Every structure is written in structure tokens, then in C-alpha cells.
Amino acid sequence: MSNPFVSQTASITGPATDIMPVMPSDSTDLPRVAIALYVETGGTVSLVTVVGQTRTVVLADYSILPVGTQRVRATGTTATGIHAMVLA
């Protein structure tokens, strides 16, 4: 099978090249900055953006939130099955 990504330059406009499960934490940043978050089971997500602002949003099941994110906070987050879409 050919890999269509092999000659492409990674771009924040997408697509993501990998997806990583997120463990919400009030003290630890994600291993890689996410270009978007994917949520399996909806609820509230409290996050820190790439510019350092704390934001809280309510998302439905199977939502994609296209916001650069450096941390998903445990406090205030009720959504589950959160994944970070990243550029590998």
C-alpha cells in the first residue's frame, strides 16, 4: 500500500498524522500540542490553549474541537474518551 503522507509536509491545517489518548491533568501538559481534540462521550472539557488561556466548553458525543491545546485539565472535565490529534 502506498503512503500518501510520505511526501507531504505536516501542516496545522490538517490532517493530523497521529491520534493519542488523553489523560486529563491539572499539572501536566500533553506530550505533543494537539491541533484538535476528539471526544467520544460528550460533556465538559476544560483545556489550556496554545496561547495559555484556560477555556471550558461543552461538547456532544463524537465531537471534534479544532483548537490548539497544550493541556486538558482534570478539574472541570467530564467528557471521556478524549484523544489529541497531533502532527507526528
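User: What makes β1, β7, β2 and β5 an open sheet, and in which order do they stand?

Analyst: This is a predicted model. In it, 4 strands form an open sheet in the order β1-β7-β2-β5, and the pairing is antiparallel. On average, neighbouring strands are turned by 25° against each other, with direction ignored.

User: How do you know that β1 and β7 pair?

Analyst: Count the bridges. Pairing needs at least two bridges between the strands. β1 and β7 are joined by 4, and they run antiparallel. Two positions show how they line up. D18 stands opposite V86 in β7. M20 stands opposite A84 in β7.

User: What makes β2 and β7 a pair?

Analyst: The cut-off is at least two bridges. β2 and β7 have 5, in the antiparallel sense. Here L37 stands opposite A84 in β7.

User: Why is β7 called largely enclosed?

Analyst: Look at its residues one by one. A residue is buried if its relative accessible area is under 20%. In β7, 5 of the 7 residues are buried, so the rest of the structure largely encloses this strand.

User: What does L37 touch, leaving out residues up to four places away in sequence?

Analyst: Contact means heavy atoms within 4.5 Å. By that rule L37 touches V45, L47, S63, I64, L65, T69, V72, I82, H83 and A84.

User: How do you know whether T77 is buried or exposed?

Analyst: Compare the value with the cut-off. Buried means under 20%. T77 has a relative accessible area of 15%, so T77 is buried. T77 is found in the loop between β6 (69-73) and β7.

User: What surrounds T77, leaving out residues up to four places away in sequence?

Analyst: T77 touches P24, T44, V45, S46, V72 and I82. Take V45. T77 and V45 are 32 residues apart in sequence, yet their C-alpha atoms are 4.4 Å apart in space.

User: What makes the approach of R73 to T77 a polar contact?

Analyst: The limit for a pair of N or O atoms is 3.5 Å. The backbone oxygen of R73 lies 2.4 Å from a polar atom of the T77 side chain. That distance meets the limit.

User: Why is the meeting of D29 and R71 called a salt bridge?

Analyst: The nitrogen must be within 4 Å of the carboxyl oxygen. The side chains of D29 and R71 meet at 2.8 Å, N to O. So the pair qualifies. D29 lies in the loop between β1 and β2, and R71 in strand β6, so the pair ties together parts that are 42 residues apart in sequence. A search of the whole structure finds 1 salt bridge.

User: Are D29 and R71 buried, exposed or partly exposed, and how do you know?

Analyst: Buried is under 20%, exposed is over 50%, and partly exposed is in between. D29 has 38%, so D29 is partly exposed. R71 has 18%, so R71 is buried.

Definitions and conventions: Residues numbered from 1 in each chain as written. Predicted model: local features only at pLDDT ≥ 70, side-chain atom pairs only at ≥ 80, totals over all residues. Heavy atoms only, no water. Helix = DSSP H or I, 4+ residues; strand = E, 2+ residues; numbered from the N terminus. Axes fitted to C-alpha atoms, helices over the stretch in contact; angles between N-to-C directions. Buried < 20%, exposed > 50% of the residue type's maximum accessible area, 1.4 Å probe, protein only. Polar contact = N/O pair within 3.5 Å; in protein donor to acceptor, adjacent residues only side chain to side chain.
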